Number of protein chains: 2
Amino acid sequence: MFVAFQGEPGAYSESAALAYFGEGIKVEPCETFERVFKVVSEGRCERGIIPIENSVAGSIYQNYDLLLQFPLEVVGEYYLQISHCLIGIPGSSLKDIKKILSHPQALAQCDRFLKSLEGVKHEPAYDTAGSVRIVKEMKDPSVAAIASRRAAEIYGMDVLTANIENTAANYTRFQIISRRREDPGKDAKTSIVFAMKNQAGALYRALSVFALRDIDLTKIESRPLVGKPWEYFFYIDLAGSVFEEKVQRALANLEEYTTFLRVLGSYPRFAFRDLVKAAEDHD
Amino acid sequence: MFVAFQGEPGAYSESAALAYFGEGIKVEPCETFERVFKVVSEGRCERGIIPIENSVAGSIYQNYDLLLQFPLEVVGEYYLQISHCLIGIPGSSLKDIKKILSHPQALAQCDRFLKSLEGVKHEPAYDTAGSVRIVKEMKDPSVAAIASRRAAEIYGMDVLTANIENTAANYTRFQIISRRREDPGKDAKTSIVFAMKNQAGALYRALSVFALRDIDLTKIESRPLVGKPWEYFFYIDLAGSVFEEKVQRALANLEEYTTFLRVLGSYPRFAFRDLVKAAEDHD
């Protein structure tokens, strides 16, 4: 199976793909998120994996927008604990490091660790895995990168220090996209997007279609529609799948209140005990 | 009045501060968001301005977290249309540009424009305004930066092309923080954060305290609590202020359903017609 992800080999998205599908897959690195959607749409990859929200940085609207542009289905979800490592060339050591490269977001997420290193310069790079590649090419034992442990392994580099992020509570939720809908079985979630005019009580009425049928919500987010200040998109994840009659009836009911409704997909619910285990592996 | 913002002179946060308070204020650039909260808490600045959500990138959870850590009040909001310019040293021109610097997010937001320029390299920088400073220091007519028009003015640089972002629908919402609560008057909004255990229908019950009192919601967002997979934070903005009895009663009612509740502040509602005007000024 071919799975497309955005980034260079060693990116966190690639780690998520391998953890979700197993090491047997072939991965297809793509330069942009749009390209991930494209290669899956064209059938060149059977699946794509996209980050949809991060516990520190929030929802990634760009991928929600692409889910509306491309006729693809969400068929899975995965939560990856983000754990940054300081990575240098083989034989280098922390005390010799004078310069550290990484994506500005990763540098910011490790700024407490970076402040503890006196006289060390930081330099921004396009992405975490890419900064490891640059350090490898420089062959300079005084330069290091911040990226995943997997990026260090791929490029044959040394992990100088692990778990250097400010907060361990940093995880990214990924969704798996495919051209075909699949029955997710019993313990499922469904992602939907809908638009509504903002009248007092409109959202409450919309949520009644789930609450009065005892359908649990696991995510809700409003997003103002630019240019239409009083209209909103709502992103909701609910317990259950579109293969269940109760959910079908709730969605039919919801359509009475919305100006737009799209089901992004139904998929097996991620078991959070797996996230905890992934974190322990890193320690 | 002293107003603290995160970033270098010419940052978008500084533009928002000047647009909100007028050109008469003194601005205090801070290296981090935490520093903005600190200088306002200590009384060294009367106000701070923080980005709280972006229409492309989503909510900025880091600032929501800081609002819970510091005993400050939200007393205002402002929406700024983000419009990127290509900026070079005086006398340079677009056809000579061989390299462009900016924050990776700004480079990504302008990638359609960048793809139209053949053979031009891009390089990441820490922030947009900082990339203008670097280009000014280089004095090289073949290097340009991507930043705000204001950043070009501050550094005495030329705008080579304006409005180079992929989508005009790119705006950032800012909140103003202060040590003291202020009566926002009639057309107000209130921002609150609360936590709830995720039981089916719990959110619906919580929202009833607003819907049944005809209190309009303008934002709702759930955020999973890391380490507590079935508990959520909810961020809600509602129409009205804590100086109104109806809102006070709704919040007292809400406390019956929540495990945690904090009012971040009440403030005058931003008039969206001002956002449209700001965009037209840029064209």
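A:R223 lies over the face of A:Y61, 4.1 Å from the ring centre. A charge sits over a ring here if NZ of Lys or CZ of Arg is within 6 Å of the ring centre and within 35 degrees of the ring normal. Chain B has its own pair: B:R223 over the face of B:Y61, at 4.2 Å from the ring centre.

A word on the basis. This is a predicted model, where local features need pLDDT of at least 70, side-chain atom pairs count only at pLDDT 80 or more, and totals for chains, interfaces and linings use all residues. Residues are numbered from 1 along each chain as its sequence is written, chains are lettered from A in the order in which they are written, and side-chain values use heavy atoms, without hydrogens and water.

Next, the two chains. How is chain B superposed on chain A? By a rotation of 180° with 0.0 Å of shift along its axis, at an RMSD of 0.0 Å. That is the relation of a two-fold axis. In chain B, the C-alpha nearest the axis belongs to B:E221, 2.1 Å away from it.

Now the interface. Chain B gives 46 residues to the contact and chain A gives 46 residues. Contact means heavy atoms within 4.5 Å. Together the chains bury about 3800 Å², 62% of it on carbon and sulfur atoms. That is the accessible area (1.4 Å probe) lost on putting the two parts together, summed over both.

On to the rings. There are 25 aromatic pairs over all chains. Rings of Phe, Tyr and Trp (its six-membered ring) pair if their centres lie within 6.5 Å; planes under 30 degrees apart are stacked, over 60 edge-to-face, the rest tilted. Take B:Y20 and B:Y78. Their centres are 6.4 Å apart and their planes at 80°, so the pair is edge-to-face. B:Y20 is in helix α1 and B:Y78 in strand β5 of chain B, 58 residues apart. Helices (H or I, at least four residues) and strands (E, at least two) are DSSP runs, numbered from the N terminus.

B:Y20 is partly exposed at 31% relative accessibility; B:Y78 is buried at 11%. Buried is under 20%, exposed over 50%, partly exposed in between (1.4 Å probe, protein chains only).

Definitions and conventions. Copies are superposed by least squares on the C-alpha atoms of residues with pLDDT of at least 70 in both.
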